[in-house]
Amino acid sequence: MMDWKNETDSSWTLFLDRDGVINVRLIDDYVKNINEFEFLPGVIEAFEIFAKRFKKIIIVTNQQGVAKGLMSLETVHDIHDFMIEQIENHKGRVDGIYICPQLKSEPDNYRKPSPKMAFMAKVDFPEIDLQKSIMVGDSNSDIEFGQNAGMHTILIGDEEIKSVPDDKFDSLISFANTLK
């Protein structure tokens, strides 16, 4: 287990999954509109802590519901605009959001666990050092994404996964509180 408090500083980047980490994940469903988006407890407060600690805060999210026709890319952007507004209203910030709307079955897709969304963020923000980055997620594909990109990894929640994260916390605010 890594000593996050001593290793991380303001030059680090934080990557976060969305569903199940920032908001309530709808089991076997998708957040298809703003009314279905519900922050998990403590998340807003966690973003205020992150804003003080990390140089960049990036969200990476698989949203194959778009390719399935369950919601439009515009609707996903509306949900993200709402999410960012709420975070910013409470002294937090999000520097970038990367969405993969492709189906799992689509060849050469960039869904997690592929590290392609991390590489896209690095193009947009060249100062990102993936070795000085943390990926926080709630699933095996999130942890594999971080590992595939050379990041440190944190699992949120108690889901049993195949990959071994660098650390585990029961919630995003639990992790954030270790950074104070």
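## Strand β5 and its neighbours

In this predicted model, I154 stands opposite D167 in β6. Strand β5 (residues 152-156) and strand β6 (residues 167-169) pair in the parallel sense, and 3 bridges link them. Strand β4 (residues 133-137) also pairs with β5 in the parallel sense, here over 4 bridges, and within that pairing T153 of β5 is the bridge partner of M135.

Because 4 of the 5 residues of β5 are buried, which here means under 20% relative accessible area, this strand is largely enclosed by the rest of the structure. Together with β4 and α5, β5 makes a right-handed β-α-β unit.

## The sheet as a whole

The open sheet is formed by 6 strands in the order β3-β2-β1-β4-β5-β6, and the pairing is parallel. The edges are taken by β3 and β6, each of which has a single partner strand, so that one side of each is left without a neighbour in the sheet. From one strand to the next, the twist averages 20°.

Helix α4 lies across β1, β2 and β3, and runs at about 145° to β3.

Which residues of helix α4 (residues 116-124) are buried? They are M117, A118 and A121, and because they cover an arc of only 105° around the axis, they are placed on the same side of α4.

W12 is found in the loop between α1 (4-7) and β1 (13-16). Is W12 buried or exposed? Its relative accessibility is 4%, and W12 therefore counts as buried, since the cut-off lies at 20%. The side chain of W12 reaches the backbone oxygen of E7 at 3.3 Å. W12 and I27 are 15 residues apart along the chain, and 32 Å separates their C-alpha atoms.

Conventions
Residues are numbered from 1 along each chain as its sequence is written. This is a predicted model: local features need pLDDT of at least 70, side-chain atom pairs count only at pLDDT 80 or more; totals for chains, interfaces and linings use all residues. Side-chain values use heavy atoms; hydrogens and water are left out. Helices (H or I, at least four residues) and strands (E, at least two) are DSSP runs, numbered from the N terminus. Buried means under 20% relative accessible area, exposed over 50%, partly exposed in between (1.4 Å probe, protein chains only). A polar contact is a pair of N or O atoms within 3.5 Å; within protein, one must be able to donate a hydrogen and the other to accept it, and residues adjacent in sequence count only if both atoms are side-chain atoms. The arc is that of the directions from the helix axis to the C-beta atoms. Two strands pair if DSSP finds at least two bridges between them. A crossover is right-handed if, with the strands pointing away from the viewer, the path from the first strand over the helix to the second runs clockwise. Axes are lines fitted to C-alpha atoms, for helices over the stretch in contact, and angles run from 0 to 180 degrees between N-to-C directions. Contact means heavy atoms within 4.5 Å.
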